[in-house]
Amino acid sequence: MAKKRILFVTYGGGHITMILPVMRALRDMAPDVEPVLMALTTGYNQARIAGEKPLGFADFAHLADAESALKHGRRLLGENAGANVSEAESLAYLGISYSELEEDLGPKGAADAYAKKGRAAFAPVRFMERVIQECRADVVVATNSPRAEGASLKAANRLGVPCISLIDLLPYQAKILTKNDFWPDRICVLAEPTAAYLRDHGAPEERVLITGNPAFDGLAADSLRVDADRFLGQKGWRGKAPVLFGGHLDVSAEGDAQLDVVRKTSSILEAYVKEREDRALILRYHPSCWLEMPRPDEHPNIHFSITPEEPIHPLIVASSVIVVQNSTVGLEASIAGKPVISLEYLEAGPLRMSWAANGVSRACRDWEDLTAMIDQDIDAPASSSRPFKTDGNASIRIGETILSLI
């Protein structure tokens, strides 16, 4: 009897970090079930590093019009080439996706859509139908990204193959599902606020499951506390109260102004820890832009994190307070039980999303209040119930959900 197959479709970053723990759990729970991973863009290398054998668009290029795909892929490659994605995969991904866009909208319509939306215009549903059929998938699992992930869910629905969407964070990430004319067979969400949002927008109650996010399972591991204590010992920081600043470029600004919030915040925090021997500072910047960030002065109580080399979770657990712009580091810190201060409505332009409004943080709306808020959280931390938490078993719950659909 042939093994049942689960097709996972995911991009990189936080998307694949949801998928990988589920695949590992599924192998332990059901050795007779075969996970197949289609890891796209930067997710491919992340999967390889994790020991998986991922597939990409290039592995299924024979399912598309090779001549048309190659023509469009070569034309689009220059503006989309990435250091972490092979040329063959980029050509296939761009070319196949654009070819189907042109089939749907015609040459002018496709050109207009791509000029307006870029890769966000891609939705290669028919190609993903052929991938699902070739893989003989019994269930399709994807997170909440559009493009190929959204197309894989739509393709599964058209083929009558059960599908599951994993919503990684907050209600606004679930908005993508409300635009479809179908609901995935199961929608696995982090917490009740996202579940309520989906139910309010018409999702059948029995299809919405609060499972937690597998990417955060590790925050409940005892080994994480050991790693955090080791970090503090290596820095000579035991007995100090570290502050972690999770920063990134402000994309609402242009040019050098994108660094204004980071410069202002890091300057305030560096001066703060230089005046307080009982404090320390971790500067941790987003993986896509950490090389561009200003380096701090050399100081025994300031640590500049080399983002690709240092996992974020031990740094969160080692810290007493976390300061963020709108980075998901804020949510991870809240899940880990840490006080979070989010920088909101400062001079950096419009606020894309408020962690404070979602119960994750306290909002700092004036630079002059920042260090006083930090002191308050360290000296007299507030006790409040948190809407987001983890017990370390999200991957198991999602694995059980997948198996229930086979």
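Student: Where is L219 found?

Tutor: This is a predicted model, in which local features need pLDDT of at least 70 and side-chain atom pairs count only at pLDDT 80 or more, while totals for chains, interfaces and linings use all residues. Residues are numbered from 1 along each chain as its sequence is written, and side-chain values use heavy atoms, with hydrogens and water left out. Helices (DSSP runs of H or I, at least four residues) and strands (DSSP runs of E, at least two) are numbered from the N terminus. With these names, L219 is found in the loop between β6 and α9 (222-235).

Student: Is L219 buried or exposed?

Tutor: With a 1.4 Å probe and protein chains only, a residue is buried under 20% relative accessible area, exposed over 50% and partly exposed in between. The relative accessibility of L219 is 2%, so L219 counts as buried.

Student: Which residues is L219 in contact with, leaving aside its neighbours within four places in sequence?

Tutor: Contact means heavy atoms within 4.5 Å. Once the neighbours within four places are set aside, the residues in contact with L219 are L224, R225, H313, E332, I335, A336 and T390.

Student: Is H72 buried or exposed?

Tutor: H72 has its place in helix α3 (residues 66-80), and, not counting residues up to four places away in sequence, H72 touches G95, Y98, S99 and E102. Because its relative accessible area is 4%, H72 is buried.

Student: Within β3, which residue is the bridge partner of V9?

Tutor: Strand β1 (residues 4-10) and β3 pair in the parallel sense, and four bridges join them. In β3, the bridge partner of V9 is A142.

Student: How far apart are the axes of α1 and α14?

Tutor: Helix α1 (residues 14-29) and helix α14 (residues 394-404) pack at an angle of about 65°. The contact is made by P21, V22, A25, L26 and M29 of α1 together with S395, I396, I398, G399, E400, I402 and L403 of α14. Where these two helices pack, their axes are separated by 8 Å.

Student: Which elements do the buried residues of α5 pack against?

Tutor: The buried residues of α5 are V125, F127, M128, E129, V131, I132 and C135. They pack against β1, β2, α4 (87-117), β3 and α6.

Student: Is R136 buried or exposed?

Tutor: R136 lies in the loop between α5 (125-135) and β3 (139-143), and it has a positive phi of about 55° although it is not a glycine. Most residues other than glycine have a negative phi. Because its relative accessible area is 55%, R136 is exposed.

Student: What is the phi of R147 near?

Tutor: R147 lies in the loop between β3 and α6 (148-159). Its phi is positive in a residue other than glycine, with a value near 55°.

Student: Which residues of β10 are buried on the two sides of the strand?

Tutor: Strand β10 (residues 321-324) has both of its faces covered. On one side are V321 and V323, while on the other are the buried residues I322 and V324.

Student: In β11, which residue is the bridge partner of I322?

Tutor: Strand β7 (residues 241-247) runs parallel to β10, with four bridges joining the two, and the partner of V243 in β10 is V321. β10 also pairs in the parallel sense with strand β11 (residues 340-343), over three bridges. In β11, the bridge partner of I322 is V340.

How values were computed. Pairing = 2+ DSSP bridges. Axes fitted to C-alpha atoms, helices over the stretch in contact; angles between N-to-C directions.
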